[in-house]
Amino acid sequence: MKKIVVIGTGSMGGAFATAFAKRTSHAVSIHGSHAGSSSAAALSRQLGVRVADDKEILAADVVFVATPPAALDDVAAALKGYAGIIVSAIVPGDGGYELKRDDGTSAAEQLARLVPTGRVVTAFTSISSALIRDPARSEKPTVFTCADDKATRSNVIALAKEFEGVEAGHLDTSRNIENLGLLVGQLAYGSGFGDRVSLRAM
C-alpha cells in the first residue's frame with residue numbers, strides 16, 4: 001500500500017482521487033491547487049478521504065499533480081522539500097490557461113526545476129478523466145511515461161494497472177507527451193469522438 005496525495009480537484013484530479021479511493025487499497029488524500037480550497041473540502045466529504053496537510057504531502061510516496069499550468073507556482077510551494085515521486089498530469093491549455101514556454105520546456109520540466117528534490121514523471125496526459133474514473137473494458141489505452149530515472153517510470157507504470165504503460169524516455173520527452181493531451185482533447189470535443197477517446201501504442 002502506498003501513500004498517495006492528489007493535488008488538484010478538477011475533473012482530472014477528482015478522477016484520480018476517485019479511482020484510487022474506490023478501486024485500490026492505497027491511502028489517498030487530496031489537496032487543492034491552493035491552500036484552503038473549498039473544492040478540496042467538498043471532494044474530501046464526497047469520497048471520505050482526508051485533505052492532506054503539509055506533513056502528509058511530504059510523507060507521501062507519490063504525489064499526482066492535476067492542475068492547470070497557471071497553478072505551477074502554488075503547487076511547487078506545497079511540494080517544497082518533497083523527495084518522492086511527482087506524477088505530472090498537466091496538459092498545456094488545461095482550464096483555459098496556456099503554459100509559459102519562454103524557454104521551450106514542458107510543464108513537467110518546469111515543475112522539476114521548481115521542486116528539485118522530487119522525482120518528476122509525466123504520465124496520464126493523453127488519458128481522459130472519464131477513462132480514469134471508468135477504464136475501458138476491452139483494449140487498454142496507453143499511458144506514456146517519461147522521467148529521467150528509469151525506476152521512477154517503472155513505479156508509475158505499476159500504478160497504472162488498468163492501462164498499458166509505455167516508457168517513453170527522459171523527462172524532455174514530456175514536451176511531446178503533454179501535447180498528446182491537446183490532440184486527445186481536439187479529437188474528443190473538436191472532432192466529435194467523445195470523452196472516452198484515447199490513444200493506444202501498437
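This is a dialogue on reading several features of a predicted model.

Q: Which residues and atoms do the values rest on?
A: In this predicted model, local features need pLDDT of at least 70 and side-chain atom pairs count only at pLDDT 80 or more, while totals for chains, interfaces and linings use all residues. Residues are numbered from 1 along each chain as its sequence is written, and side-chain values use heavy atoms, with hydrogens and water left out.

Q: In what order do the six strands of the open sheet lie, and which are the edge strands?
A: Strands (E, at least two residues) and helices (H or I, at least four) are DSSP runs numbered from the N terminus, and two strands pair if DSSP finds at least two bridges between them. Here the order is E3-E2-E1-E4-E5-E6, with parallel pairing, and the edges are strand E3 (50-51) and strand E6 (119-122), each of which pairs on one side only. Strand E5 (residues 85-88) is joined to E6 by four bridges, and valine 87 has valine 121 of E6 as its bridge partner.

Q: Which strands does helix H7 touch as it packs on the sheet?
A: Contact means heavy atoms within 4.5 Å, and directions come from axes, which are lines fitted to C-alpha atoms (for helices over the stretch in contact), with angles from 0 to 180 degrees between N-to-C directions. Helix H7 (residues 150-159) touches strand E1 (3-7), strand E4 (62-65), E5 and E6, and its direction makes about 65° with that of E5.

Q: How do the axes of H5 and helix H8 cross, and which residues make the contact?
A: Angles under 35 degrees count as roughly parallel, over 145 as roughly antiparallel, 65 to 115 as roughly perpendicular and the rest as oblique. The axes of H5 and helix H8 (residues 174-190) come within 8 Å and cross at roughly 125°, which makes H5 oblique to H8. Ala107, Ala108 and Glu109 of H5 meet Ser174, Arg175 and Glu178 of H8. These residues divide into two nonpolar, one polar and three charged, where Ala, Val, Leu, Ile, Met, Phe, Trp, Tyr, Cys and Pro count as nonpolar, Asp, Glu, Lys and Arg as charged, and the others, Gly among them, as polar.

Q: What is the phi of phenylalanine 124?
A: Most residues other than glycine have a negative phi. Phenylalanine 124, in the loop between E6 and H6, has a phi near 70°, a positive value in a residue other than glycine. Phenylalanine 124 is buried, with a relative accessible area of 4%.

Q: Which way do the residues of strand E7 point?
A: From strand E7 (residues 142-145), Thr142 and Phe144 point one way and Val143 and Thr145 the other, and all are buried. Threonine 145 has a relative accessible area of 0%.

Notes. Buried < 20%, exposed > 50% of the residue type's maximum accessible area, 1.4 Å probe, protein only.
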